[in-house]
Amino acid sequence: MEPLEIIAAASVLGACICMGIGSIGSALGEGNAAASALKAMSQQPDEANRIRSTMFVSLAMIETTALYSLLIAFLVLYANPFWKYFINQ
Amino acid sequence: MIKVDFSQWWDIPLTDRSIGLQNYDQIIIFSCDYFEINATIFNTWIVMALLTLVSWLATRDLNKKKENSKLQTLLEELVLWLQKETRENSGSKNQQYLGMALGLFCFILTANLLTFIPWFRPPTASLSTTMALAAIVFMAIPYFAIKNAGVKGYLKKFIDPLPIMLPMNIFSEIFSILAMGLRLFGNMLSGVMFASILSAFVPFFAPLTMQTLGLLTGSIQAYIFALLALVYTSSVRNEKETE
C-alpha cells in the first residue's frame, strides 16, 4: 500500500476509536455525578440551587476528557501533520 | 489596496460547506495589504457592538425617569443573579470580581446565542477567541491574588502543602487555564460541526433540534466559563478577612 492510503485509513480508524473509547469514561462519570446530585437534591431540597451549580461545574470538568478526544479526532482527520509530510515528499 | 469580500461570510454555512478546522479562521472579509480581518474578528465586533448598544440603551436616561424600563430591569436582574453567584463562591470581597465575570459571561452568552442566525459563525468556535478569553483569566489570577493577599501570599500558593509540589502546582495552574479555553472551543465547535454534518444527511428538521440543543449548551458553557473564572481568581485571598 502507498503511505498516503495507509495514513488515510489509519486516521479514519484512529478518529473513530478515539471518540468511541474516549467518550465512555466521561459518559459514565457524568451519569454518576448527575445521579448523586439528584439524590442529594431529593434529600435536601433547600440546598438544591447550590448543588445544581456545583453539579454543572463538575459536569463541565468531567466533559473535558471527552472533548480532548474530540479535538484529537478532529486533529487526526483535518489537520493531520503526517499527511502534509508525505504529500510534500 | 483595500478589498472587501462578504460573499463567504454571507453564504449560509449549513447548505454546502467544507467541514474543517483550518478554514474556520481563514474567511477573510477585509484585506489591506498585509492586514487582514477574518470572519472571527468581524463576528466578535458584531457581538461587541450589540452588547454596547444594549447597555447604552438601558443606561441612557437613568436619572430622568422614575420608573425603570424593561431592559434596565432585565440587566439589573442579570447583575443581581451574578452577584449572588460571586457571593457564594468568592468570599466577602466579592464585588471586585463582578466586572470580569459579568463581562466574560455576557460576551460568551451573546456569541453563543447568536448562532440561531444561520450565517453567523460564533466567534467562540474559534480557538483564538477562546484562548484569548482564557488568557484574560490567566492574567487576572495574579492580579487579584496580589491585590488581596500580597506578593508573598500569591507565591505561597505554589508551595502550598510542601515545597516539593512546586512543579505540580505550576503545571496545574497552566493546564487548568488551557482546559478552560479548550472546553469552550470544543463545545461550540462540536455544536457547529454536528449541525453541518447532520444537514448533509437530513436537511431540514434534524439540524434544527441539534441547533436548539446548541443554544442550551452555549448558555451552560457561558455560565461555566464565568464561574470557573471566579473560582480560579478568588482561589488566593486573605483568609483573615474572609472568616
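pLDDT is the predictor's confidence in each residue, from 0 to 100. The structure is a predicted model, in which local features need pLDDT of at least 70, side-chain atom pairs count only at pLDDT 80 or more, and totals for chains, interfaces and linings use all residues. Residues are numbered from 1 along each chain as its sequence is written, while chains are lettered from A and ligands numbered from 1 in the order in which they are written.

**View 1. Residues 14-22 of chain B.** Over this stretch pLDDT stays under 50, and the model has 16 contacts for it beyond four places in sequence. Two residues are in contact if their C-beta atoms, placed from the backbone, lie within 7 Å. Where pLDDT is low, the predicted coordinates should not be read in detail.

**View 2. Helices H3(B) and H4(B).** Helices are DSSP runs of H or I with at least four residues, numbered from the N terminus. H3 (residues 70-89) and H4 (residues 98-113) of chain B pack at about 120°, their axes 10 Å apart. Axes are lines fitted to C-alpha atoms over the stretch in contact, and angles run from 0 to 180 degrees between N-to-C directions. H3(B) contributes Val79(B), Leu82(B), Gln83(B) and Thr86(B) to the contact, and H4(B) contributes Leu98(B), Ala101(B), Leu102(B) and Phe105(B).

**View 3. Chain A against chain B.** Here 11 residues of chain A are in contact with 15 residues of chain B. The predictor gives the complex an ipTM of 0.71 and a pTM of 0.82.

Note on methods: Helix = DSSP H or I, 4+ residues; strand = E, 2+ residues; numbered from the N terminus.
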